[in-house]
Amino acid sequence: PETGYSDGTVTVKKTGTDEAVPFNTATGTFTMPAAPVTVTVAFTHDTYSITGSVTPESSGEIKFKKSGAYVEEAYYNDTITVEDTPVTGYELSTLTYNNGVEDQDIKSEKSFVMPLANVSISGCFSKIKYTVSKEECSNGSFTLSSDGQVEWGTEVTVNPVPDTDYIVNSISYTVNGVKQDITSDKKFNMPQNDVTVAVTFKSVISGYIDGKAYVQIGDKKWATMNVGASSVTDAGKYFAWGDVTGQTWNGSSWSGAGFSSAPGVGDPTTLPADKDAATYIWGSSWRMPTRAEFDDLINICKRTPSGQYSYIISGGSTSTTEKGIYWCTDYNGAKGMLFIAEDNGLHLFFPAKGYGWTTSLEKNQDQGRYWSSTIFSNNLNAYNLFLKYDSLESGSSTTRSYGLLVRPIVAE
């Protein structure tokens, strides 16, 4: 037989008649009769199967055509075309032909010539990718968990990074001209279309006095950073109550002798101006807050009216926008307490930089302690704002010789 055919049926007849002559299929012989004979051989045209599979399932289908008709089998040397039909949102990514010996890529031509073997065709469909672009922004920057060409259905997270003295104002993405607000979630699922992501930032500064930034909360103007600090997350200097020089911690020791005593201040109810570190260092426009003013700060910002510290919310960050008091584990890299007031939503952050005692820095990144100007009833202690992840007190009192931080308030 020719290629593509197999042995067929042999018949022997006396020529001109229907009289058959016995043929031995085992030996391929017959006994010649005393008459002319006609030998006929009918070869079999072999067919080979064509099977197809797709991944992932239900992402599309592939079919096969010969001369315009759909087929599932064909003869040797037939030209077969492959028709792919992806479901909405998918496209063909690979198309492979296998003849039982090797794989061949036929994505470009989408056709093959039938071999002397059964054939399997594998199609892989993938989700169509759409473009995620970033709108230019000022006063900060942002990154995306996925950008450029992104498969639809992919979760895209927006990571805003405000500049110093700015917080997130809004986060959105626009598709088909429609803007979607995602300020709270900071993420979206990629639609089947191109997307533009935008982030805007707003200043956390209400104004400046003597070159020092402040945030207005209620009727008070609070400094955005500590005395001696270079940023809102910096500790600045530590002071004994009544000391106006202060000391800095260099990582292993204090810049001075440490903290074991406090200067005499007489017997006042409130710290005198000449013993007030905020006034002495920043000028007469600033002073240390009173215990009552720390109370007011908490009451203005807390979200729930009662319950022991139930108003402390975990997970605050530079992009937090809702009113409340938040414990932050990463506020531009620092731990501390974040206060957001209902009336303006601006940030006031107190870093948890511990306190000084003798020659050591205690509870750094765990607690924060900030002096008030209000002395305790025994005259040995003074009130301070005490904060940690699960507590916040304005009525805490500490020995005046401890080294605490100072957060100024405008003297009005």
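These are some notes on the model, point by point.

1. Ground rules before the details. This is a predicted model, so local features need pLDDT of at least 70 and side-chain atom pairs count only at pLDDT 80 or more, while totals for chains, interfaces and linings use all residues. Numbering runs from 1 along each chain as its sequence is written, and side-chain values use heavy atoms, with hydrogens and water left out.

2. The cores. The largest nonpolar core has 37 residues, and Ile 50, Phe 112, Ile 121 and Val 197 touch the most other members. A second, separate core of 30 residues includes Ala 235, Trp 327, Leu 392 and Ile 409. A core here is a set of buried Ala, Val, Leu, Ile, Met, Phe, Trp, Tyr and Cys residues joined through side-chain atoms within 4.5 Å. Buried is under 20% relative accessible area, exposed is over 50%, and partly exposed is in between (1.4 Å probe, protein chains only).

3. Ile 50 and Ser 49. Leaving aside neighbours within four places in sequence, Ile 50 has contacts (heavy atoms within 4.5 Å) that include Phe 64, Val 71, Ile 80, Phe 112 and Ile 121. Ser 49 sits in strand β3, residues 47–55, and is partly exposed at 29% relative accessibility. Strands are DSSP runs (E, at least two residues), numbered from the N terminus. With residues up to four places away not counted, Ser 49 touches Glu 72, Glu 73, Met 114, Asn 118 and Val 119. Its C-alpha atom is separated by 83 Å from that of Asp 295, 246 residues apart along the chain.

4. Aromatic pairs. I'd look at these next: the structure holds 15 of them. Rings of Phe, Tyr and Trp (its six-membered ring) pair if their centres lie within 6.5 Å; planes under 30 degrees apart are stacked, over 60 edge-to-face, and the rest tilted. Trp 249 and Trp 254 have ring centres 4.9 Å apart and planes at 65°, so they are edge-to-face. Trp 249 is partly exposed at 26%, whereas Trp 254 is buried at 8%. Phe 376 and Tyr 383 are edge-to-face too, with centres 5.3 Å apart and planes at 75°. Here Phe 376 is partly exposed at 23% and Tyr 383 is buried at 13%. There is also an aromatic cluster formed by Trp 222, Phe 294, Phe 339, Phe 350 and Tyr 370.

5. Charges over rings. The charged end of Arg 369 sits over the ring of Tyr 355, 4.8 Å from its centre, and Lys 63 lies over the face of Tyr 70, at 5.1 Å from the ring centre. The test is NZ of Lys or CZ of Arg within 6 Å of the ring centre and within 35 degrees of the ring normal.

6. Ser 396. This residue lies in strand β32, residues 391–399, and is buried, with a relative accessible area of 11%. Apart from neighbours within four places in sequence, its contacts are Arg 369, Ala 382, Tyr 383, Asn 384 and Phe 386. Two of those names came up above: Tyr 383 pairs with Phe 376, and Arg 369 sits over Tyr 355.

7. The largest pocket. Its volume is about 150 Å³. Of its 17 lining residues, Thr 164, Asp 165, Val 232, Tyr 331 and Asn 332 lie nearest the centre. β16 (166–175) and β27 (347–351) each supply at least two lining residues, and β27 gives the most, with three. On a 1 Å grid over the protein atoms alone, a pocket is an open set of points where a 1.4 Å probe fits, with protein on both sides within 12 Å along at least five of seven lines; lining residues have an atom within 4 Å of a point. Points are joined across faces, edges and corners, and the volume is the space filled by probe spheres set on them.

Definitions and conventions: Helix = DSSP H or I, 4+ residues; strand = E, 2+ residues; numbered from the N terminus.
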